[in-house]
Amino acid sequence: MSKSIKWKLNLKSTPNKVFQFITTDEGRKLFWAENTIEEEGQIHFEFINGVKEVAKIMEFVPNKKMSLRYFESNVTFFLEKNKSQGTDLTLLNTKVNEEEYIEIYAGWISVLFALKGAIDFGVDLRNHNPNKTWNQLYIEN
């Protein structure tokens, strides 16, 4: 059986800037993965703990939405301009394996706070230490 995760994040940055962080190799390196390479409709992720993932881009609507097939689940980022000219981001992760639900649920909080730190404050909240990763219960990876 699978479950869904939904998180919202209020950002000071514009939807265009947020979309650039989510959809470019340079942006993703600032908050999500140690390295990404996008080619032929796929994103090759490399994480600090050695995990690698190839995510297929399922939908791409500039400055509004991006969907991926990511770790055997579906992830969609929805962006909406808010009244203060910033962005309300909604993350929806569906078809999440029930056995991994709690870890993935918490993991998205780590990723989204790293995004907020990077985009709104220019700070990388991750430790970039391969000996202090999610596997060792460090949240800032």
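Two residues are said to be in contact when heavy atoms of one lie within 4.5 Å of heavy atoms of the other. In this predicted model, Leu89 is by that criterion in contact with Trp7, Lys8, Leu9, Leu11, Val18, Ile22, Phe77, Phe78, Leu79, Leu112 and Leu115, once its neighbours within four places in sequence are left aside.

Taken along the principal axes, the C-alpha atoms fill a box of roughly 40 × 35 × 30 Å. Of the 141 residues, 39% are buried, and among the contacts between residues at least 6 apart in sequence, 48% join residues that are at least 24 apart.

The largest nonpolar core comprises 32 residues, and within this core Trp32 and Leu89 are the residues with the most contacts. At least two core residues are supplied by each of β1 (2-11), α1 (15-23), β3 (42-46), β4 (52-61), β5 (65-70), β6 (73-81), β7 (87-97) and α3 (101-121). The largest share, eight residues, comes from α3.

The strand pairing around Leu89 involves β1, β6 and β7. Strands β1 and β7 run antiparallel and are joined by nine bridges, with Leu9 standing opposite Leu89 of β7. Strand β6 also pairs with β7 in the antiparallel sense, over eight bridges, and here Leu79 is the residue that stands opposite Leu89. The strands β6 and β7 form a hairpin with five residues between them, and Gln85 in the turn has a positive phi of about 70°. Asn82 lies in the loop between these two strands; with a relative accessible area of 10%, Asn82 is counted as buried, because the cut-off for that class is under 20%. When residues up to four places away in sequence are not counted, Asn82 touches Asn10, Leu11, Thr87 and Asp88.

The second residue named for its contacts in the core, Trp32, belongs to a group of aromatic side chains. A total of 14 aromatic pairs is found. In one of them, Phe31 and Trp32 form a tilted pair, with 5.8 Å from centre to centre and 35° between the planes. Phe31 is buried, at 2% relative accessibility, and Trp32 is likewise buried, with a relative accessible area of 4%. Trp32 also pairs with Tyr70 in an edge-to-face arrangement, in which the centres are 5.6 Å apart and the planes make an angle of 65°. Because Trp32 lies in the loop between α2 (25-28) and β2 (35-39) while Tyr70 lies in strand β5, this pair ties together parts that are 38 residues apart in sequence. Tyr70 is buried as well, with a relative accessible area of 8%. Phe31, Trp32 and Tyr70 are members of one aromatic cluster, which also includes Phe45, Phe47, Phe71, Phe77 and Trp108. A further ring, that of Tyr101, has Lys3 lying over its face, at 4.3 Å from the ring centre.

In β3, Ile43 and Phe45 make up a covered face, whereas Gln42, His44 and Glu46 make up an uncovered one. Strand β3 pairs with β2 in the antiparallel sense over five bridges, and Asn35 stands opposite Glu46 in this arrangement. The hairpin of β2 and β3 has two residues between the strands, and Glu40 takes a positive phi near 50°. Strand β3 is also joined to β4 by five bridges, and these two strands run antiparallel; the bridge partner of Phe45 in β4 is Glu53. The hairpin formed by β3 and β4 has five residues between the strands, and Gly50 in the turn has a positive phi of about 90°.

Terms used:
Residues numbered from 1 in each chain as written. Predicted model: local features only at pLDDT ≥ 70, side-chain atom pairs only at ≥ 80, totals over all residues. Heavy atoms only, no water. Core = buried A, V, L, I, M, F, W, Y, C linked by side-chain atoms within 4.5 Å. Buried < 20%, exposed > 50% of the residue type's maximum accessible area, 1.4 Å probe, protein only. Helix = DSSP H or I, 4+ residues; strand = E, 2+ residues; numbered from the N terminus. Pairing = 2+ DSSP bridges. Phe/Tyr/Trp six-rings, centres within 6.5 Å; stacked < 30°, edge-to-face > 60°. Lys NZ or Arg CZ within 6 Å of the ring centre and 35° of its normal.
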